[in-house]
Amino acid sequence: MKVLLSWLREFAPFEGDPLDLAEHLSDLGMAVEETRVLDPLNGVVVARVADLRQHPEADRIQLVDVETHDGEQLQVCCGAFNMAVGDLIPFATIGTVMPDGMEISQRKMRGELSNGMCCSASELGLGSDHDGIMILPNELELGAPLMEQLGLSGDVLWDLEINPNRPDAMSIVGVARDLAARLDLPFSIPEWVTPPSDDLENGVATIQIHDGSLCPRFCARVIRNVTVGESPLWMQMRLGLLGMRPINSVVDVSNYVMLELGTPNHTYDLSLVSEGHIGVRRARHGETITTLDNHERELVAGDGLIVDSSDQPIGIAGVMGGASTEISSNTKAVLLELASWQAESIARTSQRLGLRSEASARFERGTDWDINALAVERFCYLLHEITPDGIEVMGEVINVEGVLPERISVPVRTSRISMLLGRSFEAEQIRTLLEPIGFMVEDTDDDDIQSVTIPSFRPDTETETDIAEEIARHYGYGNLGTSVPRSPDAGHLTPQQKIRRVVRQVMVGAGLAEAMPNPFIAPDEILKANLQIDEPVHLLNPLAVEESVLRPSLLPGLLTALSYNYSHRNRGVGLFETGAVFGVSPDTAPLPAEHEHLAVLLGGCDAFAAVSLMEALASALHLHFELSNTDDLPGMHPTRGARISVAQLEVGVVGEVDPGVLRRYEIDDRCAWLDLRLDLITEAAIAVGDMSYHQASTYPSSDVDLAFLVDDAVQASAIEDTLREAAGKELQGLALFDVFRSNQLEKGARSLAFSLRLQAADRTLTDEEVGVIRQRCIDAVESSHSATLR
């Protein structure tokens, strides 16, 4: 947001050093990114075009004779052709140093002398228009310094950074109010009045709001005898310096009012609005409108829409008007719209359509619904002032209300403000700081409490803490002093944070490297990884097609990272990642379903490596993972994959990546895969709580090895569960140490060898006791799983 000192002075008498004023603006939260004292442009004067003729040796250059105050004519070579004899223009005399540092000197161009330079607005730093020479008003004094004649001599332009929580500062008035309050200067907004016409029959317009939540207030007025032409130079200068390109008198007045009061507005050619009727409603899905940029836009249900008497769209509320009612040079009557809109609705529509403008930026933050009528009066006043024969304002301001926001009154405790800001404040001091910036402060029966009513131009302020921030801003953050706050509670990690740290410690302890792939992937990555996702979540505005889908799994990103390592001959890499995966929400929620996962990809390893890592994690989290083999896991080997459950709740999968998927990623190795719902295992680990510890046995242990011949369909984890139950409390350790397959064994069978460590807490186990436990384990496995002891 750019502001001009001379414009601010129309609302408060600001004086002083520009850099000091800039310090105050920054301290108020409107950080000054640039302070620019306008170049006095010494040597640039007002000159008259005396003659124009073609350069004899160049088609794209003409010779211009310019006349200054002494009547002397100077020849200048110029590449612009927008001048006419008699026009007043800015003329840089020989020796002038331009804003870009270039010094004007006499020189020859194709054999003709050029004794200065005819200047465009951009060359003078007074705007962005560089297509032609700047044409000046005829009333300026010939030969006088240009900046004095424009009233810009010594003016200051500040470029401010306005945060999203300060919609009021998106206007000249808002900045002036804040700065005047800081400097204890009187601030006021003038009352602009344009007497209305008595001819009410030709000035009737009707407004109807069908959705009051979309449009809290709609103000309008009919204006006749409009002459669409150029706006005066002073207005063009201000608009150009603040980054707006002058277009014509009506559009320029519209932009001027928006910049000054922060209230965007729109003008319709009244003759093109059916029956002079404006309706406000939500769009129906699939409706279309051709906007002012001549693009046809398709709307969705919920978009704000402005319609005429036949219910035909003539504008997208708060975003852009329709081409069907556009102002043109033939416009004689204007219907002025000045409305307030629901901020969230405008933000959604603007983002979805990719239509960002100065108006939508203000509506998205929230505009002042209470100033609409005043802004209508300001528009009429300015248009009447710059129209040669004046305009005819028809009737009073039309004011139609929807669902107006309630004025919020907040009880503010003086003691609470003092506690929040770290210094003592008095009630009267709080009143003195708040009232100059528009807050209304009233006493209550409690001496410690004041009732503060929030102004309509501050929709960002809702709570006592917000008001404390306003008090701190205007008291001055630097005046508060510095102190270290004391707290009775020491900082600590939440249970969720502790578990995530344990997870990372286990992964890093296993020698894995953490990867952080992009959460946005290409649509074909889903098919490449064989994830079998029918409808992934697509981004509305992707930067590239390769990043247009939210990942439904961590597998594609880790495979891409592993493939990169393998292509650089870095084999056997182990990677892990914790991150969110996304899916289409099963209900009508506006956001996609999102879950946090832990994934591990081990290059050059089989499924048992992933299971071993899973068991290490289970041990660290004091959880018991149960496995169930399955052949339908997307992206995984059809016979080397299993689902993982905790207390009958599925929390992930483990196994190997499908060889076909690995070939597509150009990985010529086996890869183990572990994928866990981190949010679910975190909840399960929290539910387990702190583990109880018992004294370690000091007595010798005994090891027993058992090998069973079992069917391939029998899971090793199921046999482990049986052995744990049968061995009882004396079992201190259990591990699968061998899997053996051979043609010498029965077809469809394999040998599983387990090592059991037995130890009693209060004695040394005898051989007889060890034998009883051994036999009990053998009997349990043989009876439960049709196994045979080898």
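In which loop does Val545 lie? Select Val545 and you land between strand 27 (537–538) and strand 28 (549–550). Before moving on, a word on ground rules. This is a predicted model, so local features need pLDDT of at least 70 and side-chain atom pairs count only at pLDDT 80 or more, while totals for chains, interfaces and linings use all residues. Residues are numbered from 1 along each chain as its sequence is written, and side-chain values use heavy atoms, with hydrogens and water left out. Helices (H or I, at least four residues) and strands (E, at least two) are DSSP runs, numbered from the N terminus.

**Stop 1: around Val545**

Show the surface here. Val545 has a relative accessible area of 60%, so it counts as exposed. The scale used throughout is: buried under 20% relative accessible area, exposed over 50%, partly exposed in between (1.4 Å probe, protein chains only). Now pick out Ile521, Ala522 and Pro523, which Val545 touches when residues up to four places away in sequence are not counted. Contact here means heavy atoms within 4.5 Å. For a distance check, click the C-alpha atoms of Val545 and Leu680: they are 33 Å apart in space and 135 residues apart in sequence.

**Stop 2**

(Two strands pair if DSSP finds at least two bridges between them; axes for angles are lines fitted to C-alpha atoms, for helices over the stretch in contact, and angles run from 0 to 180 degrees between N-to-C directions.)

Zoom in on strand 10 (residues 156–161), which pairs with strand 2 over 6 bridges. Thr35 stands opposite Trp158 there. Toward strand 1 there are 3 bridges, and Lys2 has Asp159 as its bridge partner. Strand 10 is mostly covered, with 5 of its 6 residues buried.

Stay on Trp158 and show what surrounds it. Beyond its neighbours within four places in sequence, its contacts include Met1, Val3, Leu8, Pro18, Leu25 and Val32. Trp158 is also one of the residues with the most contacts inside the largest nonpolar core, along with Leu126, Phe218 and Trp341; that core has 114 residues. Apart from it lies another core, of 32 residues, including Ala610, Leu613, Ala642 and Val651. A nonpolar core is a set of buried Ala, Val, Leu, Ile, Met, Phe, Trp, Tyr and Cys residues joined through side-chain atoms within 4.5 Å.

**Stop 3: strand 6 and the cysteines**

Select strand 6 (residues 88–92). Because 5 of its 5 residues are buried, strand 6 is largely enclosed by the rest of the structure. Leu88, Pro90 and Ala92 cover one face, and Ile89 and Phe91 the other. Strand 3 (residues 44–54) pairs with strand 6 in the antiparallel sense over 5 bridges, with Ala47 partnered by Ile89. Strand 9 (residues 117–118) is also antiparallel to strand 6, over 2 bridges; look for Ala92 opposite Met117.

Is Cys118 buried or exposed? At 5% relative accessibility, Cys118 is buried. Its closest cysteine sulfur, in Cys78, is 4.7 Å away, which is too far for a bond. Cys215 is in no disulfide either, as the nearest cysteine sulfur, that of Cys219, is 9.0 Å away. With a disulfide taken as a pair of cysteine sulfur atoms within 2.5 Å, the count comes to 0.

**Stop 4: helix 8**

Select helix 8 (residues 358–365) and colour Ala359, Ser360, Ala361, Arg362 and Phe363, which are buried. The buried residues of helix 8 pack against helix 6 (249–261), strand 20 (334–340) and helix 7 (343–353).

**Stop 5: Arg473**

Arg473 counts as buried because its relative accessibility is 3%. A polar atom of its side chain lies 2.6 Å from the backbone oxygen of Leu28. Leaving aside neighbours within four places in sequence, Arg473 is in contact with Asp27, Leu28, Arg166, Asp178, Arg182 and Arg458.

Notes
A polar contact is a pair of N or O atoms within 3.5 Å; within protein, one must be able to donate a hydrogen and the other to accept it, and residues adjacent in sequence count only if both atoms are side-chain atoms.
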